[in-house]
Amino acid sequence: MKIDSSFTPATANIAPKGPPTQQTPHAGTTTEAVSLSPLAGNLRGGETPPVNAARIQEIKQAIAEGRFKVNPEAIADRLIESARDLVHAGHREA
């Protein structure tokens with residue numbers, strides 16, 4: 001497989017980063033307020049994955065001591081699985 005290095009990303013449509021600008025409503029327009037119920041807030045808050053701080057510390061220690069072994073086959077398998085999931089999810093939404 002040959003990798004084409006002639007690709008240059010388009011940057012013409014990228015807005016410069018800076019402080020957000022405030023837009024004021026035009027004359028004659030109405031504004032509406034939206035609020036979420038406490039249940040909706042609870043559901044939204046449940047999206048964070050669980051964190052195992054002890055396991056994270058073990059991995060950090062293993063990396064620092066040079067004991068951490070990378071398994072490239074497992075990484076490749078999981079990347080392919082993730083790509084398949086994304087492709088299948090894209091087909092279901094279409």
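A salt bridge here means a side-chain nitrogen of Lys or Arg within 4 Å of a carboxyl oxygen of Asp or Glu. With that rule, a search of the whole structure turns up two salt bridges. Before we look at them, some ground rules: this is a predicted model, where local features need pLDDT of at least 70, side-chain atom pairs count only at pLDDT 80 or more, and totals for chains, interfaces and linings use all residues. Residues are numbered from 1 along each chain as its sequence is written, and side-chain values use heavy atoms, with hydrogens and water left out.

How far can you trust the picture? pLDDT is the predictor's confidence in each residue, from 0 to 100. The protein chain averages 77, and 59% of the residues score at least 70. Confidence is lowest in helix H1 (residues 38–45), at a mean of 69, and highest in H2, at 95. Where pLDDT is low, the predicted coordinates should not be read in detail.

Now the overall layout. The protein chain has three helices and zero strands, where helices (H or I, at least four residues) and strands (E, at least two) are DSSP runs, numbered from the N terminus. Of the 94 residues in the protein chain, 1% count as buried; buried means under 20% relative accessible area, exposed over 50%, and partly exposed in between (1.4 Å probe, protein chains only). The accessible surface of the protein chain is about 9900 Å², with 58% belonging to carbon and sulfur atoms. Those areas come from the Shrake-Rupley method with a 1.4 Å probe, and for residues only the protein chains shown count as cover.

Helix H2 (residues 53–65) has 13 residues and spans 18 Å from its first C-alpha to its last, close to the 18 Å expected; the expected span is 1.5 Å times one less than the number of residues. Glu58 is partly exposed at 47%, and so is Arg55 at 45% relative accessibility.

Just after H2, Gly66 takes a positive phi of about 80°. The other salt bridge joins the side chains of Glu65 and Arg67 (2.6 Å, N to O). Glu65 is partly exposed, with a relative accessible area of 44%, and Arg67 is partly exposed at 49%.

In the loop between H2 and H3 you'll find Val70, which counts as exposed at 57% relative accessibility.

Finally, helix H3 (residues 72–93) has 22 residues and reaches 32 Å from its first C-alpha to its last, close to the 32 Å expected.
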